[in-house]
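Here's a quick briefing to read alongside the model. Have the sequence and the structure open as you go.

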Amino acid sequence: MSEKAAITLTINGKDYAIAVEPRRTLADAIREDCGQTGTHIGCEHGVCGACTVIVDDAPVRSCLMFAVQAAGKKIRTVEGLASGDTLHPMQQAFMDNHGLQCGFCTPGFLMLAVGVLEREPDISDEDLIDVLSSNLCRCTGYQNIIKSVRAAAAEMRK
Amino acid sequence: MSAHTKGSGGNGMKWVGRSIRRVEDPALVQGRGRFTGDLPAAHWVRFVRSANAAGTIRSISAPDGAMVITAADLKGVKKITPMLHKFEYRPVGQPILADGEVRFVGEAVAAVVAATEEEAEDIADLVEIDIEDAAPLVDSRAAIADGARQIHAEAPGNVILKGEAKTPGFDDVWASAAKIVRIDARSNRQNATPMEARAAHAAYDSVTGRVTLHCTTQMPHLMRTAIADCIGMPESELRVIAPDVGGGFGQKMSLCTEYVLVTWLARHLKSSVGWTEDRRENLIASFHSRDQYITLEGAFDKDAKLLALRADVLSNVGAYSCFPTTSGVEPLMAMAEMPGPYDVQQYQCLARGVLTNTCTMAAYRGVSRPVITFTLERLMDKAAKAFAIDPIDIRRNNLITTFPYKSATGLDYDEASYRQTMEMAVEAIDVPAFRTRQQAARAKGEYLGIGFATFSERTGYGSPAFAARGMAITPGWETVHVTVDPSGFVEARIGSSPHGQGLRTTLAQIIAEEIGVTPDMIKVVHGDTDTAPYGWGTFASRSLVISGGATLIASRKIRAKLLKIAGHMLEAAETDIVLEDGKAKVAGTDREVTIAAMAREAYTQTHRFKGEIEPGLSESGTYDPPGTFSNACHVAIVRLDPETGHVKLERYLVAEDAGRIINPMIADGQVHGGVVQGIGNALLEEIIYDESGAILTANLADYMPPTAHEVPPIELHHMETPSTQSVTKAKGLGEGGTIGPPAAIVNAINDALTPFNVEIDTIPATPQRIRALLRNAERAP
């Protein structure tokens with residue numbers, strides 16, 4: 001074991017002063033040191049995307065980033081999507097279009113889609129499928145995830 | 001865009017047949033789901049797994065001061081030894097940690113316990129296991145060869161079970177055939193790959209002496225029974241909770257050694273202990289499936305009518321037998337359901353389960369039916385070719401159209417729509433237009449193909465079906481307790497254990513329909529052995545049929561009670577009362593009473609109903625149905641690149657019939673998800689072992705579930721043939737989507753390959769395999 005580094009992670013606008021080993025992934029730090037368990041870990045090798053969070057406005061696989069690399073950056077997770085009781089249009093669209101079943105991959109898909117649509121609100125259907133193919137879902141067959149994200153994109157453009 | 005033909009929409013019912021939003025979703029989209037891996041623990045476990053496929057353990061050495069548990073520490077803990085009382089089954093036991101011998105790469109040999117997961121992993125890296133290698137047997141054909149090393153003393157020749165069937169008169173009919181058509185099919189090995197890998201968390205309560213085990217399982221009650229049995233503890237001292245479970249697909253219905261160990265440790269340490277499987281462990285050491293060779297021959301008369309089928313099923317069941325189904329789950333399912341939707345009364349089958357030095361095989365969505373449907377539907381296409389008739393016509397000639405029908409294996413098929421769903425699919429896909437397009441494409445050196453798969457699927461079957469297999473444990477029935485509390489709100493406690501299927505929503509729809517309340521007044525509770533009635537969990541396309549049936553039965557009793565109470569309160573005849581909008585109303589008048597008032601009456605004014613109804617408003621329903629057959633026709637259109645062997649799915653269409661649909665949105669979602677797993681099965685997903693028994697596909701870049709890229713829009717068409725074997729008239733549909741794609745897609749690939757005069761009968765039909773066939777054909781003189 002190596003020595004722990006004291007860092008501050010800013011998650012959904014709140015500061016968490018934590019001490020982590022340099023090898024600690026952002027995913028583990030978010031879940032275990034900061035207690036935000038909405039971010040899930042599916043493979044720990046950067047393929048499935050379940051752990052996707054938004055770091056400084058870009059979707060990031062938090063299992064491929066060290067916690068120390070995220071210090072001082074603005075991190076957004078699924079817990080920060082809704083404002084109070086009002087769901088983010090992406091969350092609402094996933095509910096309206098049956099874009100989730102077991103819900104394990106859902107936080108990753110929500111953060112991926114929100115991150116991309118914030119940067120590229122007019123993304124083409126083809127590019128959207130390209131982007132969504134970065135994450136894995138084993139329940140929905142993607143049909144209703146694609147439908148949900150398209151519906152949310154239309155809502156977010158309003 | 002995906003097409004959607006609505007079914008009956010519930011035939012005028014208020015809640016059944018409606019696509020209401022799921023009650024499961026608000027928590028899950030906000031990151032408020034509660035999964036096993038979210039729980040903190042005082043101790044964490046890391047398993048040290050065998051890197052050798054076969055051999056004898058010489059020594060295990062651990063760093064000083066580390067807590068490392070081995071088989072030697074587990075004296076008194078029983079092996080997992082599932083049992084079948086038929087089919088020459090040889091019971092073999094699996095020790096919780098390898099005891100003296102290792103039998104597959106990934107088998108847990110030692111368990112490191114430390115304060116954090118990181119520390120446990122660091123120590124595990126320092127644990128040395130010295131194994132004297134034995135020559136591994138990886139392939140089932142090698143394992144049954146003469147002189148092959150015996151993997152378990154109890155199973156000579158490595159055959160763990162052997163099922164044989166032959167109808168009287170088979171030989172004569174076989175001899176009378178005009179043509180015999182044969183396929184040698186190969187289904188390679190898959191992993192169900194739920195996005196949440198396995199996890200367990202056991203906490204000891206020093207006040208009660210009980211252990212609470214949270215684990216990611218599809219059957220919490222049976223886990224409690226089985227783990228208590230292994231450890232030798234009273235079942236009442238163990239509480240099992242399946243919290244939110246991130247997909248299962250069958251992989252999470254078998255008992256795993258890891259859960260036994262974590263529970264044992266919590267008792268041993270009198271503390272809390274957690275284990276979260278990583279993806280590599282899931283791919284190498286959780287349960288596998290679908291590894292089969294099937295040779296199937298069909299005897300046809302001169303008019304291409306199928307007279308008889310003869311099958312040889314060789315199923316590689318891995319190193320141990322899974323609990324509770326046993327390793328008979330695949331070969332015996334193949335034997336029982338091989339004839340599928342076709343009218344054929346003569347049948348011979350030999351089905352063997354073979355032990356090898358590979359990860360243990362267990363149930364995975366569809367269990368054998370993706371493989372047997374692939375085999376049978378390839379056979380039908382080969383027969384069509386042999387008779388020079390259209391693949392659709394040979395199916396028209398042979399599909400069962402009269403019901404009820406008794407299969408050659410003795411199964412009772414209830415009313416279904418095999419022929420109708422196929423015609424629906426044929427029309428929707430527009431075969432003539434496709435053939436024109438295919439011809440035009442070929443002229444340009446482009447290769448398109450179309451493939452069909454018609455199949456039936458036994459769903460929602462109760463205990464007699466499991467008893468027929470000779471299982472020592474016969475899961476089947478389900479119990480549901482429905483309670484209307486004194487405030488008029490409803491709680492249903494169920495023994496099923498849904499994990500993504502939306503059963504909390506669909507069961508609420510069934511209750512709402514029956515007792516006239518809105519679904520938002522109903523809470524469905526599951527997954528906790530302290531609060532849910534004993535039940536078998538969620539698997540085998542059963543929960544909506546069986547738990548739904550039990551829910552309806554309990555709700556009818558509640559309804560009868562409400563009518564009695566309303567009759568008293570409204571001074572009206574029960575037959576004049578309707579239950580709707582949360583009220584009992586006297587038809588044709590303005591007299592009404594709320595369900596809350598009636599419920600309060602049922603608890604607090606019981607003297608008014610003395611001798612007529614029991615106090616309270618709580619009823620139980622139990623259901624154990626015989627089983628009901630869903631059916632579907634799947635159609636795939638593919639574009640094949642002969643240069644690379646790459647197959648692009650251009651269209652995928654499903655015409656399915658699962659009886660009455662409770663929630664069309666959820667039903668469609670089940671089909672979508674199933675189809676995409678089937679696409680993986682057909683084209684992409686394969687667990688590959690090398691000759692030494694090491695797995696070459698131990699991450700999600702090498703083992704490839706489909707992404708959004710590989711999946712075309714899935715077009716769904718529905719028919720509803722209400723089941724006569726299910727009180728809700730619903731049939732199961734959780735697995736159906738997975739069953740059709742290997743057959744439809746590989747038939748389409750072979751259609752595209754027609755000009756090259758080669759055929760592929762192996763799944764997954766990867767570019768490498770297709771290229772190898774084309775290369776060999778190019779080289780042939």
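From the N terminus on, chain A runs β-β-α-β-β-α-β-α-α-α-α. Keep in mind that this is a predicted model. Chain B has 20 helices and 31 strands, and the two chains meet in a contact that takes 42 residues from chain A and 42 residues from chain B.

**Chain A on its own**

- The tally for chain A comes to six helices and five strands.
- A compact globule of 158 residues would have a radius of gyration near 15 Å, and chain A agrees with its 15 Å.
- Laid along its principal axes, the C-alpha trace of chain A spans about 45 × 30 × 25 Å.
- Buried residues account for 57% of the 158 in chain A.
- Take the contacts in chain A between residues at least 6 apart in sequence: 58% of them join residues at least 24 apart.

**Where chain A meets chain B**

- The contact draws 42 residues from chain A and 42 residues from chain B.
- On the chain A side, the elements that give two or more residues are α3 (89–96), α4 (106–119), α5 (125–132) and α6 (143–157) of chain A.
- The largest share of that side, four residues, comes from α3(A).
- By residue type, the side of chain A that touches chain B splits into 23 nonpolar, 15 polar and four charged.

**Chain B overall**

- Chain B is built with 20 helices and 31 strands.
- Its radius of gyration is 27 Å, close to the 28 Å that the globule rule gives for 781 residues, so chain B is as compact as a globular protein of that length.
- The C-alpha trace of chain B spans about 95 × 75 × 50 Å along its principal axes.
- Of the 781 residues in chain B, 59% are buried.
- For contacts in chain B between residues at least 6 apart in sequence, 80% link residues at least 24 apart.

**Domains of chain B**

- The division gives domain 1 (1–6 + 414–458 + 628–781) and domain 2 (477–623) of chain B.
- The C-alpha centres of domain 1 of chain B and domain 2 of chain B sit 41 Å apart.
- Each side supplies residues to their contact: 15 residues from domain 1 of chain B and 15 residues from domain 2 of chain B.
- On the domain 1 side of that contact in chain B, you'll find five nonpolar, seven polar and three charged residues.

- Once neighbours within four places in sequence are set aside, B:Val45 is in contact with B:Ala111, B:Val112, B:Val113, B:Ala120, B:Val262, B:Leu265, B:Val273 and B:Trp275.
- B:Ala120 turns up again in helix α2 (residues 117–126) of chain B, where B:Ala120, B:Ile123 and B:Ala124 are buried.
- Those three cover an arc of only 105° around the axis, so they end up on the same side of α2(B).
- What do the buried residues of α2(B) pack against? They pack against β1 (43–49) and β5 (108–114) of chain B.

**Two buried spots worth a click**

- B:Asn681 belongs to helix α17 (residues 664–684) of chain B.
- B:Asn681 counts as buried because it has 30 C-beta neighbours inside 10 Å, and the cut-off is 20 or more.
- Leaving out neighbours within four places in sequence, B:Asn681 is in contact with B:Gln190, B:Pro370, B:Pro741, B:Pro742, B:Ile763 and B:Pro764.
- B:Ala698 is a loop residue, placed between α17 and β30 (714–719) of chain B.
- B:Ala698 is buried too, with 21 other C-beta atoms within 10 Å.
- Not counting residues up to four places away in sequence, B:Ala698 touches B:Arg280, B:Leu283 and B:Ile284.
- B:Ala698 and B:Arg396 are 302 residues apart along the chain, and 44 Å separates their C-alpha atoms.

Conventions. Residues numbered from 1 in each chain as written. Chains lettered and ligands numbered in written order. Predicted model: local features only at pLDDT ≥ 70, side-chain atom pairs only at ≥ 80, totals over all residues. Rg over C-alpha atoms; globule rule 2.2 N^0.38 Å. Buried ≥ 20, exposed ≤ 12 C-beta atoms within 10 Å, placed from the backbone. Contact = placed C-beta atoms within 7 Å. Domains from an automatic or database assignment. Nonpolar A, V, L, I, M, F, W, Y, C, P; charged D, E, K, R; others polar. Arc of directions from axis to C-beta.
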